[in-house]
Amino acid sequence: MFSINPSPLTTERLALEPLRVEHAAEMVDVLADPSTYEYIGGEPPSEAELAARYLRQTGGRSPDGRQVWLNWVARRREDGDAIGTVQATVSEDGSAELAWVISTSAQGNGYATEGTSAVIAWLRDQGITAFVAHIHPEHSASVRVARRLGFERKNCVKDGELRWERE
C-alpha cells in the first residue's frame with residue numbers, strides 16, 4: 001500500500017497547513033455559517049464533532065486502508081486567519097478526489113482555486129495523475145472553481161452531485 005503525508009504548502013496569498021486535531025478550535029467558527037451546507041449537506045459542527053472528525057482524518061487512511069486522506073487548513077498569509085480547507089482522497093489507482101470549503105466571509109476571492117491548485121501541483125509531484133471532484137449541479141461557485149482548475153463535467157451523478165475530471 002502506498003503512503004503520502006501532507007506537506008505545508010504556500011501560495012501567493014495562502015498558507016496550507018496539514019490538518020491537526022487542534023485546528024478544530026478555530027475551524028468551528030470558520031464552518032459556522034449554515035449557508036455553507038446548502039449544497040454539501042449537513043450543518044455546522046460543534047468543536048467536539050470537528051475534533052472527532054479531524055482525529056479520524058489525521059489518521060491518514062480510510063477505515064479499509066485503501067485510500068489516503070490528505071487534508072489542509074487554508075490560512076490567509078496576510079493576517080493568519082483560517083478560511084477553509086482543501087481535501088484530497090487518494091486512491092491506489094493514482095487518482096485523487098478533491099474537495100474544498102471556504103468560509104462564506106472569504107468566498108469570491110479566488111481562495112478555493114488558489115488553494116486547490118497548489119494541492120494539485122503538490123499531488124502531481126507525488127505521482128498522482130488524475131483528479132476528480134463531485135459538485136452539486138446548482139453550486140455555481142464550486143462549478144466556477146472546477147472550470148478554472150481545468151476540470152471537465154462528466155455525465156455521471158453520484159449522490160446528486162456531478163462528476164468533474166481533469167488529468
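Q: Where does Gln57 lie?
A: Gln57 belongs to helix H2, residues 47-57. Helices (H or I, at least four residues) and strands (E, at least two) are DSSP runs, numbered from the N terminus. The model is a predicted one, in which local features need pLDDT of at least 70 and side-chain atom pairs count only at pLDDT 80 or more, while totals for chains, interfaces and linings use all residues. Residues are numbered from 1 along each chain as its sequence is written, and side-chain values use heavy atoms, with hydrogens and water left out.

Q: Is Gln57 buried or exposed?
A: Gln57 counts as buried because its relative accessibility is 15%. Buried means under 20% relative accessible area, exposed over 50%, and partly exposed in between, with a 1.4 Å probe and protein chains only.

Q: And which residues does Gln57 touch?
A: Leaving aside residues up to four places away in sequence, Gln57 touches Leu19, Trp69, Asn71 and Gln87. Contact here means heavy atoms within 4.5 Å.

Q: Switching to the sheet: in what order do the strands come?
A: The open sheet has eight strands in the order E1-E2-E3-E4-E5-E6-E8-E7, with mixed pairing. Strand E1 (9-10) and strand E7 (152-158) are the edge strands, each pairing on one side only. Two strands pair if DSSP finds at least two bridges between them.

Q: In what sense do E1 and E2 pair?
A: E1 pairs with strand E2 (residues 14-18) in the antiparallel sense over two bridges. Thr10 is the residue opposite Ala15 in E2.

Q: How many bridges do E4 and E5 have?
A: E4 and E5 pair over seven bridges in the antiparallel sense. Val86 has Trp100 in E5 as its bridge partner. Three residues separate the strands in this hairpin, and Gly94 takes a positive phi near 85 degrees there.

Q: Then what joins E5 to E6?
A: E5 and E6 run parallel and are joined by three bridges. Ala96 stands opposite Phe131 in E6, and Glu97 has Val132 as its bridge partner in E6.

Q: How covered are E5 and E6?
A: Both are mostly covered: six of the eight residues of E5 are buried, as are five of the six residues of E6.

Q: What about E6 and E8?
A: Five bridges link E6 and E8 in the antiparallel sense; His134 has Arg163 in E8 as its bridge partner. E7 also runs antiparallel to E8, with four bridges joining them, and the bridge partner of Lys158 in E8 is Glu161.

Q: Which residue has a positive phi in the E7 and E8 hairpin turn?
A: The residue is Asp159, at about 50 degrees, in a hairpin with two residues between its strands. Asp159 has this positive phi although it is not a glycine. Most residues other than glycine have a negative phi. At 74% relative accessibility, Asp159 is exposed.

Q: Which strands does helix H3 lie across?
A: Helix H3 (residues 111-125) lies across E1, E2, strand E3 (67-76), strand E4 (82-91), strand E5 (95-102), strand E6 (130-135) and strand E8 (161-166), and runs at about 155 degrees to E5. Axes are lines fitted to C-alpha atoms, for helices over the stretch in contact, and angles run from 0 to 180 degrees between N-to-C directions.

Q: How many aromatic pairs are there?
A: The count comes to one aromatic pair. Trp72 and Trp122 form it, edge-to-face, at 5.6 Å centre to centre with 80 degrees between the planes. Trp72 is in strand E3 and Trp122 in helix H3, so the pair ties together parts 50 residues apart in sequence. Rings of Phe, Tyr and Trp (its six-membered ring) pair if their centres lie within 6.5 Å; planes under 30 degrees apart count as stacked, over 60 as edge-to-face and the rest as tilted.

Q: Is Trp72 buried or exposed?
A: Trp72 is buried at 0% relative accessibility, and Trp122 is buried with a relative accessible area of 10%.
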